[in-house]
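Visitor: I'd like a close look at one part of this model, the aromatic rings and what surrounds them. Could you walk me through it?

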There are 2 protein chains.
Amino acid sequence: MATATLSTKQNIRQTAEKLFRERGYAAIGMRELAKEVGIEAPSIYNHYKGKDDILREICFEIADKFFAAFEEAEKTDEKPSKKIKAVIKAHINVIAENIEASEVFFQEWMFLEEPNLSKFKKLRHEYEQLFRDVVEKGIKRGDFKKGNSKLVVFTIFSALNATYDLYKSTERLTQEEIAEEISNLLLKGLKA
Amino acid sequence: MATATLSTKQNIRQTAEKLFRERGYAAIGMRELAKEVGIEAPSIYNHYKGKDDILREICFEIADKFFAAFEEAEKTDEKPSKKIKAVIKAHINVIAENIEASEVFFQEWMFLEEPNLSKFKKLRHEYEQLFRDVVEKGIKRGDFKKGNSKLVVFTIFSALNATYDLYKSTERLTQEEIAEEISNLLLKGLKA
DNA sequence: TAAATTCGCTAACAAATGTTAGTTTATGGC
DNA sequence: GCCATAAACTAACATTTGTTAGCGAATTTA
């Protein structure tokens with residue numbers, strides 16, 4: 001794998017993702033982060049402006065990846081049920097390929113400081129709107145049941161954004177299995 | 001309403017729920033909590049053993065409520081699709097009636113200290129198992145589609161446990177609407 | 001080789017942390 | 001009115017927080 005030799009900065013970043021995810025941004029001090037990396041706390045400042053700067057990098061890089069994946073998946077201009085499946089899978093794939101970071105993205109973003117916090121909220125809202133558009137178009141075309149699109153998108157996101165927990169589960173599920181089962185459940189329902 | 005005159009302890013508890021939820025357990029100091037209550041930090045120790053004691057009370061009280069609501073809903077010994085709907089609604093109702101506290105329950109439990117942390121994890125697992133049993137029985141009886149029951153329960157929980165966000169949304173939805181729409185989506189799916 | 005840059009270090013800072021000690025004030029029962 | 005209890009207070013504690021200053025060694029650039 002690509003774990004040959006990480007730069008110190010990469011090391012800090014990766015360790016921060018792991019620790020922030022495991023115990024929360026507020027609970028991790030610079031000294032503990034540094035120790036885990038194998039350096040002293042002040043050395044981190046050679047690579048990042050401060051604690052918040054690390055969180056900022058994590059959150060916004062993942063945001064970029066979600067947007068990029070959505071755009072790519074959305075290109076396939078098919079009918080809504082196929083399209084929603086495609087963007088769901090794209091979303092799950094980003095999470096699967098950035099497990100620690102995406103968990104930080106979902107759980108720790110509120111510790112961003114201004115103006116990053118506002119910028120982040122705006123991005124998040126835009127991204128949700130992209131999903132909502134797909135659902136609403138599907139409802140309009142009659143492909144989807146009528147209903148509160150906000151509630152639907154909310155439910156979809158809730159299910160998707162928690163997929164992190166599945167990867168630490170004992171039961172080993174592949175990305176493909178997870179994406180397939182969840183999108184099927186959401187599209188077709190539990191009832192036989 | 002019951003907001004006549006809260007005891008200091010109730011006041012601390014309620015304020016803690018609000019603050020822990022808004023900004024996270026680790027981010028709230030005893031001084032800030034006290035200030036919001038209108039007292040000095042050390043006065044809190046007349047009512048609670050410490051910071052962790054407040055979190056403990058919140059988390060375990062909600063846990064009790066989830067179990068009680070499930071038991072009550074499960075009594076109605078009907079077919080699985082009705083039963084799952086009943087326990088889903090019961091679960092959502094607990095959240096709706098304890099909005100702040102349940103969010104703390106879901107997001108901040110990891111800050112519990114031992115041995116409470118282990119006790120909490122065990123309770124949580126037991127509760128998930130109760131849901132899993134309902135789903136698995138439904139699959140066995142042919143009422144539900146075959147599939148990974150763990151994944152299904154996981155998806156259900158993800159959707160339910162995030163309902164908190166809905167109540168702070170601009171769009172005012174009733175408890176009943178939320179419970180109805182979400183359980184319908186999960187049972188019947190999005191597809192028309 | 002000289003100069004500049006990178007990146008680690010130690011020491012130290014001011015501020016904030018949870019908590020304890022000890023004291024004062026208010027309340028209710030006898 | 002007296003006493004006990006509850007519950008607030010101030011002062012202070014040891015520790016931890018994020019961060020800065022400044023130094024030295026290694027590496028890169030010219």
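Which ring does the charged end of Lys51(A) sit over, and how many Å from its centre?

Guide: That would be the ring of Tyr25(A), with the charged end of Lys51(A) 4.2 Å from its centre. A charge sits over a ring here if NZ of Lys or CZ of Arg is within 6 Å of the ring centre and within 35 degrees of the ring normal. Lys9(A) does likewise with Tyr48(A), at 4.8 Å from the ring centre.

Some ground rules: this is a predicted model, where local features need pLDDT of at least 70 and side-chain atom pairs count only at pLDDT 80 or more, while totals for chains, interfaces and linings use all residues. Residues are numbered from 1 along each chain as its sequence is written, chains are lettered from A and ligands numbered from 1 in the order in which they are written, and side-chain values use heavy atoms, with hydrogens and water left out.

Back to Tyr25(A): one residue that touches it is Phe20(A), where contact means heavy atoms within 4.5 Å. Not counting residues up to four places away in sequence, Phe20(A) also touches Ile28(A), Ile54(A), Leu55(A), Ile58(A), Val104(A) and Glu108(A). Phe20(A) is also among the residues touching the most other members of the largest nonpolar core, which has 67 residues. Such a core is a set of buried Ala, Val, Leu, Ile, Met, Phe, Trp, Tyr and Cys residues joined through side-chain atoms within 4.5 Å; buried means under 20% relative accessible area, exposed over 50%, partly exposed in between (1.4 Å probe, protein chains only). Helix α3 of chain A, residues 51–75, gives the most to this core, with 12 residues. Helices (H or I, at least four residues) and strands (E, at least two) are DSSP runs, numbered from the N terminus.

Rings of Phe, Tyr and Trp (its six-membered ring) pair if their centres lie within 6.5 Å; planes under 30 degrees apart count as stacked, over 60 as edge-to-face and the rest as tilted. Take Phe70(A) and Phe131(A): they're tilted, 5.4 Å centre to centre with 50 degrees between the planes. Phe70(A) lies in helix α3 and Phe131(A) in helix α6 of chain A, so the pair ties together parts 61 residues apart in sequence. Both Phe70(A) and Phe131(A) are buried. In chain B, Phe60(B) and Phe120(B) pair edge-to-face, at 6.0 Å and 85 degrees.
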